[in-house]
Amino acid sequence: MYYYSFLFIIILMMILLEPGKSEVYTVGDEEEWNSDVNYGSWSHKYNFTLGDILVFKYSKNEHNAYEVTEASYQSCDVSNGNGVLAKYESGEDEVELSKVKKYFFICIIAGHCFGGMRFAINVSNVTAVKIPESEPNPPSKSLSFTFAGCQNWNLLICLVASGILFKLY
Ligand SMILES: [Cu+2]
């Protein structure tokens with residue numbers, strides 16, 4: 001019985017923990033946030049969902065990461081602070097994707113944005129995307145009904161199935 005409980009708890013934890021898990025992405029992966037990296041292709045490698053975290057790693061003062069409007073992303077122009085939504089300049093910036101929307105990031109050092117240090121990502125709602133994955137799968141159901149005291153099952157079927165499971169384990 002102890003073995004059963006252990007197995008059941010493990011399966012339950014896998015089901016409960018999986019949907020809400022937030023991911024941490026280092027922008028550019030091992031190339032980090034630098035000149036001469038194609039961030040357009042980097043940003044298409046992943047599906048970003050609500051609660052995920054982007055980490056910008058770079059040499060402070062050589063680069064920065066500004067969240068900007070789509071217009072400023074297209075024009076690479078943030079003169080007079082126009083189009084700036086947030087500034088990150090520490091060299092190791094953690095940006096939580098806390099809204100379902102399109103995010104635009106650029107480096108505002110002269111020439112860097114046009115040189116490729118910009119990308120756009122679409123952040124989707126985690127629950128809308130992952131509902132199909134969070135449905136319990138058949139193996140967990142067959143294990144869990146033995147714990148529910150067979151209440152949802154025909155008693156005979158339940159006893160036979162329990163007997164089979166006990167012999168298997
Ligand atoms: Cu830069």
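Phe 104 lies in strand S6. Strands (E, at least two residues) and helices (H or I, at least four residues) are DSSP runs, numbered from the N terminus. This is a predicted model, in which local features need pLDDT of at least 70 and side-chain atom pairs count only at pLDDT 80 or more, while totals for chains, interfaces and linings use all residues. Residues are numbered from 1 along each chain as its sequence is written.

- Phe 104 counts as buried because it has 20 C-beta neighbours inside 10 Å.
- The term buried applies if 20 or more other C-beta atoms lie within 10 Å of a residue's own; a residue is exposed if there are 12 or fewer, and partly exposed in between, with C-beta atoms placed from the backbone.
- Leaving out residues up to four places away in sequence, Phe 104 touches Glu 67, Val 68, Thr 69, Glu 70, Tyr 73 and Ala 120.
- Such a contact requires that the C-beta atoms of two residues, placed from the backbone, lie within 7 Å.
- Arg 118 is 14 residues from Phe 104 along the chain, and their C-alpha atoms are separated by 7.4 Å.

**The chain as a whole**

- The protein chain has six helices and seven strands.
- Along the sequence their pattern is α-β-α-β-β-α-β-β-β-β-α-α-α.
- Of the 169 residues in the protein chain, 19% are buried.
- For contacts between residues at least 6 apart in sequence, 70% join residues at least 24 apart.

**The four-stranded sheet**

- Four strands make up an open, antiparallel sheet in the order S4-S3-S6-S7.
- Strand S4 (84–88) and S7 are at the edges with a single partner strand each, so one side of each has no neighbour in the sheet.
- From one strand to the next, the twist averages 25°; axes are lines fitted to C-alpha atoms, for helices over the stretch in contact, and angles run from 0 to 180 degrees between N-to-C directions.
- Two strands pair if DSSP finds at least two bridges between them.
- S3 is joined to S6 by two bridges and runs antiparallel to it.
- Four bridges link S3 and S4, also in the antiparallel sense.
- Tyr 66 has Lys 87 as its bridge partner in S4, and stands opposite Ile 106 in S6.

**The three-stranded sheet**

- An open sheet of three strands has the order S1-S2-S5, with mixed pairing.
- Its edge strands are strand S1 (24–26) and strand S5 (92–96), each of which pairs on one side only.
- Neighbouring strands here are turned by 20° against each other on average, direction ignored.
- Strand S2 (residues 53–57) and S5 run antiparallel and are joined by five bridges.
- Leu 54 has Val 95 as its bridge partner in S5.

**The largest nonpolar core**

- A nonpolar core is a set of buried Ala, Val, Leu, Ile, Met, Phe, Trp, Tyr and Cys residues joined through C-beta atoms within 7 Å.
- The largest one has 22 residues, and Tyr 66, Phe 105 and Ile 106 touch the most other members.
- At least two residues of this core come from each of S2, strand S3 (65–68), strand S6 (102–106) and strand S7 (118–122).
- S6 contributes the most, with four residues.
- Ile 106 touches Tyr 66, Val 68, Tyr 73, Cys 76, Cys 113, Met 117 and Arg 118, again not counting residues up to four places away in sequence.
- In soluble globular proteins, nonpolar side chains tend to be buried together.
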